Amino acid sequence: MSLRDRFLADPFIIEEDDREHDDTILKQPPVTRKEMWSYYLYYNGDNGYTMFSYIPNILQSLAYRAGINPDTGAPCDMNDTLAPCNISWAGGSMIPVASMMLYVQAISFSIQFLLFTTFGSLADYGRWNRDILLLATIIGCAAQILPIVLVNNDGSGWGGMMAINIVALISYGTSLVFYGAAFPVLSDNLPAVRHATTDPSLSREEKLAVSEKWRNYVSAWSTIFSNIGFLVMTGVLSGASFYPWYNGDVLGNDPLYNYISTVVCGGYWILNAIPYFMFRPRGRSGPPLPKGSNHLTIGWKSIFVAFREIRKLKYLFLYIFSYFMFSDAVNTTNQMISIVQGEITQFSAQQVTIMNLVSAVTSIIGCFFFLWLSRRFGVKTKTNLLIILFLSGIVAVWGCFGIGLDNFGIKTTWELWAFYAWTGLFTAPIWAWQQTMLAELVPKGKENLFFGLFGVVNKASSWIGPVVIGAITEHTSNLWKGWPFILGLFIIAFGLVCVIDVEKAKKQVEEYQKAHPMLDQESIEDDNSYNGQRHQQEQEQRHESSDKTAVATTSSNSEKYELSP
């Protein structure tokens, strides 16, 4: 597809023909321009900016205010945030604030794993998508705005802030899942797609090709709007941080700035979400639940079936396992950095905001670089993924130096700036390339099954790393001693990808397809579901699990299915 077709084509312009088109066979109302652009606007507001910046910054700073230095027994010194600081935890035990922060992440992601596996089918099937997305949006926006009530808190409200943080993460994750599930229904009801669907002269393959073209179009534009929202928030809040404040200082250095910024993010989400719920018709719903299924068990059954089938595909199994490892490594790295930056910058919201800007810019450069590398030199998907894994793993090696050194090992401000630039360039592209690799290893007609398993693995891996690092920190009082664990994850993932023989894997897939032929109708239904699964995972990976450094660009997102030479 040309660049013009991908971004500038108009799905509302239809070439007239003499054939009869019976739109009555389509159960959904046609998409209007207002509905389509409001769908993009929603993602503009739901960009996740505050979820991994201001909200955890506020929680960590409040916990420090309420904490005790275990070495002196005195309250923690807010001017020396690298000194040990413990907080009361469940059962009255005292644990490092860093461990508490990691456990909060683990709790929220484990709850999401259980909720989405059990109730995630409500996003895809039936009429509940809009109502649950609306509820998640209301709760999510409220959770982003609510911290303002703790602006003058002395630290005693850190427990309430922890609850707000968990609710905010869960509601934000829910919004991504249900927003993504609306994608295939919306794209398949664009006028151009409906026109092709009802054209009796087109073959099934031709109809699917038209559908895929406009799905890529919608996916690309929604990604553009999400990145625009992220950059708008970064630009506006970066500029506001330099506003003159008390005693010749600037607003960005005042703790108040954290609270103002998260309110702005919540308000921005509200303003961008309202049009979507105004213009989305009530008749817009997903397909009916398959016969013999129910919402509580269909997700768990899909996991069981996927694991049963994947045993027949050795290389796909190895790749799923390697993905578990490097996904956990990348996610945990970002969560550790979120904690470390608070300690190093003394919770400076201004520095966090500008670092986000560096991350956003370098992420765009990094994604374009690996796309250029592939096209210019014919670098294959596996090779690109190995390069990215190796360069991402260097961060863990770097962090290990901090175990014994005080001035190196991601322990200084300049290292934080270097980290954001490095991971933007060399880690952000990982999510596009891992999906491309998976697409090469998955049998045709089974995409929904295995991409669904991919999503489960992503959720499962998001809480294991924080639990392990939190426990290490709790028993050693040294967050940096968690870096060897992350390094081990990268090494295992790298080794597993190395042993995957893509050509042999493709032959395995061919043999599997011969042994498991699918009926045409089943393939069509699975193809429709697959696009929803794919779109959901792109969003989750780029935001919740990948943190700020994984702002995937439109180029990598929209092109990734054509990256391999």
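Predicted model: local features only at pLDDT ≥ 70, side-chain atom pairs only at ≥ 80, totals over all residues.
Let's start with confidence. The average pLDDT of the chain is 85. At least 70 is the score for 88% of the residues. Which element has the lowest mean pLDDT? That is helix α22, residues 554-559, with a mean of 36. Helix α19, residues 483-499, has the highest, at 97.

Two stretches need care. Residues 519-531 have pLDDT below 50. Beyond near neighbours in sequence, that stretch makes 22 contacts in the model. Residues 544-565 also stay under 50. There the model has 96 contacts beyond four places in sequence.

Now the helix pair. Take α10, residues 204-240, and α14, residues 349-377. They pack at about 145 degrees, and their axes are 9 Å apart. The crossing of α10 past α14 is left-handed. Who meets whom? From α10 come Phe-230, Leu-231, Thr-234, Leu-237 and Ser-238. From α14 come Thr-353, Ile-354, Asn-356, Leu-357, Ala-360 and Ile-364. What kinds of residues make up this contact of α10 with α14? Seven are nonpolar, four are polar and none is charged.

Next, the rings. The structure has 30 aromatic pairs. Ring pairs join one cluster that includes Trp-37, Tyr-39, Tyr-179, Trp-221, Phe-225 and Trp-269. Tyr-276 and Phe-277 are among its members too.

Last, charges over rings. Arg-376 places its charged end over the ring of Phe-377, 5.2 Å from the centre. Lys-411 has its charged end over the ring of Trp-480, and here the distance to the centre is 4.8 Å.

How values were computed
Residues numbered from 1 in each chain as written. Heavy atoms only, no water. Axes fitted to C-alpha atoms, helices over the stretch in contact; angles between N-to-C directions. Helix = DSSP H or I, 4+ residues; strand = E, 2+ residues; numbered from the N terminus. Left-handed = near helix turned anticlockwise from the far one by under 90°. Contact = heavy atoms within 4.5 Å. Nonpolar A, V, L, I, M, F, W, Y, C, P; charged D, E, K, R; others polar. pLDDT = per-residue confidence, 0-100. Phe/Tyr/Trp six-rings, centres within 6.5 Å; stacked < 30°, edge-to-face > 60°. Lys NZ or Arg CZ within 6 Å of the ring centre and 35° of its normal.
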